[in-house]
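Have the sequence and the 3D view at hand as you read.

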Amino acid sequence: QVQVAEFGGGLVQPGGSLRLSCAASGSGFSNYNMAWYRQVPDKQRELVASIHFGGNTVYADSVKGRFAISRDNAKNTLYLQMDSLKPEDTAVYYCKANVPRSVLQWDDYWGQGTQVTVSS
């Protein structure tokens, strides 16, 4: 079982910045695929950004050029640097760890989420 926990949410003004962190347990963090998702009420959870264990990254079109995902394998930590924030970025942000159980089997572990509110 892998434990995942997010940190760093809060209230920020439009145009401001915020950095989210996600700590994941386990000695195999460097082999995890990691991702950030977000969700607003009455809508499906959507992918914000992901980073493969090999370092490849993927971003939602809505955050390209504003958000940056990164990881520190030595600290078992995933980051999301969010700049030029907009009110429409307001959501609960979730961290997901995609963990290998075997060569062909991967399990997803989610954190509890952290609220990000962009408002003046």
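## Ground rules

Buried means under 20% relative accessible area and exposed means over 50%, with partly exposed in between (1.4 Å probe, protein chains only). This is a predicted model, in which local features need pLDDT of at least 70 and side-chain atom pairs count only at pLDDT 80 or more, while totals for chains, interfaces and linings use all residues. Residues are numbered from 1 along each chain as its sequence is written, and side-chain values use heavy atoms, with hydrogens and water left out.

## An exposed glycine

Let's begin with G65, which sits in the loop between β6 (57-59) and β7. Its relative accessible area is 83%, so G65 is exposed. From G65 to I51 the C-alpha to C-alpha distance is 16 Å, and the two are 14 residues apart in sequence.

## The four-stranded sheet

Strands here are DSSP runs (E, at least two residues), numbered from the N terminus, and two strands pair if DSSP finds at least two bridges between them. Four of them make an open, antiparallel sheet in the order β1-β3-β8-β7. Because β1 (4-7) and β7 (67-72) are at the edges with a single partner strand each, one side of each has no neighbour in the sheet. On average, neighbouring strands are turned by 15° against each other, direction ignored; the axes behind this angle are lines fitted to C-alpha atoms, and angles run from 0 to 180 degrees between N-to-C directions.

Look next at β7 and β8 (residues 77-82), which run antiparallel and are joined by six bridges. Within this pair, A68 is opposite Q81 in β8.

## A buried arginine

R71 is part of strand β7. It is buried yet has no salt bridge, a term that requires a side-chain nitrogen of Lys or Arg within 4 Å of a carboxyl oxygen of Asp or Glu. The nearest side chain of opposite charge is D72, 8.5 Å away; for charge, Lys and Arg count as positive and Asp and Glu as negative, with His and the chain ends not counted.

## The disulfide

With a disulfide taken as a pair of cysteine sulfur atoms within 2.5 Å, the count is one. C22 and C95 form it, with their sulfur atoms 2.0 Å apart. C22 belongs to β3 (residues 18-24) and C95 to β9 (residues 91-100), so the pair ties together parts 73 residues apart in sequence. The disulfide is left-handed because the torsion about its S-S bond is about -75°. C22 counts as buried at 0% relative accessibility, and C95 counts as buried at 0% too.
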